[in-house]
Amino acid sequence: MTSEKKVLGIVFANMHDSAIKELTDVRTMGSVPYGGRYRLIDFTLSNMVNSGIDEVGLITKANYQSLMDHLGSGREWDLARKRGGLHILPPFGHSAFGIYRGRLEALGSALSFMHASKARYVVLADCDIITNMDLRPIVEAHIEKEADITVVYQKKKADIQTSAQSTFFSMDEDGRVVDVLVHPMVSGEFNMGLDITVMEKSFLENMVVEALSRGQYDFARDILQKRTNQYRIYGYEYDGLVLSVNTMKDYYDDNMALLDENVRAQLFPEKRPVYTKIRDEVPAKYGLDASAKNSLVADGCIIEGEVENSILFRGVHVQKGAKIRNSILMQGTKVGCKCIVQHAITDKNVTIKDYRMLNGSAEYPVFVAKNGVV
Amino acid sequence: MFTKKECVAMLLAGGQGSRLYVLTQQMAKPAVPYGGKYRIIDFPLSNCVNSGIDTVGVLTQYQPLVLNEYIGNGQPWDLDRAHGGVHVLPPYQTSSGAQWYKGTANAIYQNMSFIERYDPDYVLILSGDHIYKMDYAQMLEFHKKNNADCTIAVLEVPMEEASRFGIMNTRDDQSVYEFEEKPAHPKSNLASMGIYIFNWKKLHRYLTEDEADENSSNDFGKNIIPTMLERGEKLFAYQFDGYWKDVGTIDSLWEANMDLLNPNVALDLHDPSWKIFSRNPVSPPHYIAPTAQVQNSMVTEGCTIRGMLDFSILFAGVTIEEGAVVRDSIVMPGSVIKKGAVIEYAIIGENVEIGEHVCVGARPETVFDKSKWGVAVVGPNVKVSDGAVVQPKQMVGSDI
C-alpha cells in the first residue's frame, strides 16, 4: 500500500459491553472468548492486519486487564513493530468530562496518537461482530465516492432487542446516506450499521475537535444523524458473513454456528487467517472410551467422556462417563465423572464436580461464571 | 546486559538421519515432526529455556532449509534475546578456506569464536535426535559439585541391549574410569545420552589439540572423551531416569509417537512448569464431524475428521474424509486421507494426498511372514492415487 493510501486502524474494545453483561463483567467486549480459541478482538485485528493495516490504536475503558494480557506486544498479529504496530490507549481522564462518555470523547483522548501517525485514512471498528472482512475495498470505495465518512452496513432482520442497540441507515441511489436511526425500538429488515467507519484522518481530527468544543460526544447521534446533510456520508454494503453479538442468546448461537462447515469456511479462509494468542498447549487427547460428534475442540483438551454438538476451548477436561451436549465450555473447564451438561455455557476455569447435572435450553442456556464451582 | 553467560548450549543439528529414509530426504532429522505439533528440536530447545539456559548455538549442515525457517529468531521458545538467544550456525568460509563439519568435535571447534563471545564457564553439548524432558540446571549443579572437567548424562538401559550403546563404566562416586563404544561384553548398563557439560577452558584446549591430530575423526565419543580419560581428567556420569527416546529409525519414531498415547509412559507434555514450546500453526480448533469416531488419539488444530481414528496422532491441518480409517498411525501436517482409505501401522509425511480406497500398511497379525511386516511410510508431498496399495514396511518417496 503506497503511503498516500496508508490506513490507520482504531479499535474500540469496550463499546457494547452491556450487551452480554454476564461475560463482560470481568472483561471487555474485545476479550470475550469465542470459537474455542479466539477472543472477539482477534477478528477485528486480523481483518485490519490482513488488509495491510500495520498501525492500530486500541481504545479501552474498563476491565481491560484480560485484554492487555491477551494482546501482549501484539506479536501474534504481527503488530509488534518499530514503526506503527499496536498501541493500547488506556482511558485518558479528561478534566472536562472524566472518562469518555461516547465515541467522540474517546477519540478526543486519542488525538495525539492519531496526530503522530503518518496514515492518510482511518478505519474505526468495534469488537462486537464476528466476520472475516477485507477492508481494502471499503477504503477504495470511500476514495472513489469522495466521501467524508463511509459507514459499512448489512441488510439484516432485527428484533426489538437487537435494534435497540443498533444504528440503521437509508441511502439514495448513489449510496449516500439520507437518514439515520439510532437505537430505534423497531423490528423488521434494515440496513444495519456494523460500526466500521472510514474517514480521512485530517477530517476525523478536525471533526472530533469541533464536536468536543460543542459538547457533543455521541458519534452516531451528533455526527451521523445530525450532520447527514452537511457531510458526504456514504454507505458500503457488505454481503459476507457477519455474526453479531447483541445478547447471550446471540453469543450461544454464534458459537454453535461454527459447527456448520460453510460458516467455518467463511470465517477461517486459508488466505486470511485469524490470529490469536499462542498458549503452547499440547494437542487434544482422546481417551479409551471417548466419543466426539459434531464438535469443535481446541488444543490442550483431554476428552475421556462423550462430547456432542459442542465447542471446547483450550485445556478443557471431560472425565470418564461425562456427557456434554450443545454446550460451550471455555478455557480450563473441568467436567467431573458422569456429569451431564446440556445447553450450558461455562466461563473460564469452571469446575463441575462428579455426578452433577446442568440442564439449560437452546433459548436460555445455563451460564456458569468465571472460576465457578458447581 | 552484555555480561558473560555461565553456560552456553551447543546443539548438534546437522545429522542426516539416514535411517529415516524418505522422511529426511528434504530436512535434517531434528526438523522431523513429532507428537502432533512439535519437531524433534523443540525438546532440547525447550529444555534449554526451561533450565534457564538462554544462549544456544544450533549447528546445521544437512538440508538446513526447513530447520532454519523453523527456528527463525527463536521467539516461540522465548529465545529471541538482546544478548544471547538462539543462533543457527552453518559451516562457513574463512580466509584459510572452507570446510564442512568433519565430526561433532570439529563442529564445535569451528564455532569456538561464537562460544568465546559469551565468555562462558561451561558448555553444554546437545544433540537434536532425542525426545526427553531434562533439567540441565540440575546436571550443571552436579557437575559443579563434583568439580568435574566433563559430565556425561547417562541412562540405564537393559543389560542385553547395552552393547548397542556407548557405555560408561563408573566408580561408586559416579566418576567415570572407562568408556567403551558398543562393547561386546558390557561391564555396566549406563549408556551415554550424547549430552555433555564441559568446563569451557578445558574443552577449548582439547578441541584445539584434537584438530591438530590428523588421525582423529574429530568426534566427542571417539576422540575427545577417550583422550580426556587417558589424561586423567575428572569425568562424571550424571544419571538420568526419565523418559528418553532416540528417534533415529522409522520404528523408533513410530514408537515414540505412540508412547504419547500410553498412560504408562512417563512423558508428560501437560506439565505447565515444563512446557514444550513450538512454532504454532495459525488454524481454528479441530472439527469432529457427526460421522467420525475418535478414540485413543491426539488431534491438533486445523484438523477435520469425518472418518474413524484410533490409536493415532494427527498433526495440524489433517483431513480424514468420511469412511476412511486411520489406526495405529501418524499423519503429519496438511495431509488428506480420502474416502474409504485404510491406513494402518503407517507414517504419512507432510502434505501427502492419500486417494480414495487406498490401503497403506497392515496390522502385524494379518501378515504371515513376520520379516515382511513393518511400519509403512509415505514420504512428504507424495500423491497416492485412488485404489493404490502401500505394503507394510514399504517406503514411498514419489507419486504412485
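# Briefing: chains A and B, interface and strands

In strand β25(B), the residue facing I320(B) is I337(B). The model is predicted, with ipTM 0.89 and pTM 0.91. Chain A and chain B bury about 3000 Å² between them, and an open sheet of eleven strands draws on both chains.

**Confidence**

- The average pLDDT of chain B is 92.
- In chain B, 100% of the residues score at least 70.
- Where pLDDT is low, predicted coordinates should not be read in detail.

- The open sheet has mixed pairing. Its strand order is β28(A)-β25(A)-β22(A)-β19(A)-β16(A)-β16(B)-β19(B)-β22(B)-β25(B)-β28(B)-β31(B).
- Two strands sit at the edges: β28 (366-368) of chain A and β31 (383-384) of chain B. Each of them pairs on one side only.
- The chains join in this sheet through β16(A) and β16(B), the latter covering residues 286-288 of chain B. These two strands are antiparallel and share three bridges.
- Within that pairing, Y287(B) of β16(B) is the residue opposite L296(A).
- Further along, β22 (residues 319-320) and β25 (residues 336-337) of chain B run parallel, joined by two bridges. The I320(B) and I337(B) pair belongs here.
- In a regular strand, side chains alternate between the two faces of the sheet.

**The A-B interface**

- Contacts involve 36 residues of chain A and 36 residues of chain B.
- Interface size is often given as the accessible area lost when the parts come together.
- Of the roughly stated total, about 3000 Å², carbon and sulfur atoms account for 50%. On the chain A side, D280(A), V282(A) and Y286(A) lose the most area to chain B, together 22% of what that side buries.
- The rule finds 26 residue pairs in polar contact across the interface, both residues being at pLDDT 80 or more.
- Four elements of chain A each supply at least two residues to the side touching chain B: α11 (261-267), β14 (284-286), β15 (291-293) and β16 (295-297).
- By class, that side of chain A has 18 nonpolar, six polar and twelve charged residues.

**Salt bridges**

- Side chains of opposite charge can pair when their charged atoms come close.
- How many salt bridges link chain A and chain B? The count is four.
- R37(A) and E301(B) form a salt bridge through their side chains, with N to O at 3.1 Å.
- Over all chains, the search of the whole structure finds 50 salt bridges.
- One pair within chain A is K5(A) with E140(A), whose closest N and O atoms are 3.2 Å apart. K5(A) lies in the segment before β1 (7-12) and E140(A) in helix α6 (residues 136-144), so this pair ties together parts of chain A that are 135 residues apart in sequence.

**A hairpin in chain A**

- Strands β9 (residues 167-171) and β10 (residues 177-182) of chain A run antiparallel, with five bridges between them.
- M171(A) faces V177(A), which belongs to β10(A).
- Five residues lie between the strands of this hairpin. G175(A) takes a positive phi there, near 95°.

**A loop residue in chain B**

- Where does N189(B) lie? N189(B) is in the loop between β12 (176-181) and β13 (190-199) of chain B.
- Neighbours within four places in sequence aside, N189(B) is in contact with L155(B), E156(B), V157(B), M159(B), A162(B) and I167(B).
- N189(B) and L155(B) are 34 residues apart along the chain, and their C-alpha atoms are separated by 7.9 Å.

Definitions and conventions: Residues numbered from 1 in each chain as written. Chains lettered and ligands numbered in written order. Heavy atoms only, no water. Contact = heavy atoms within 4.5 Å. Buried area = accessible area lost by both parts, 1.4 Å probe. Polar contact = N/O pair within 3.5 Å; in protein donor to acceptor, adjacent residues only side chain to side chain. Nonpolar A, V, L, I, M, F, W, Y, C, P; charged D, E, K, R; others polar. Pairing = 2+ DSSP bridges. pLDDT = per-residue confidence, 0-100.
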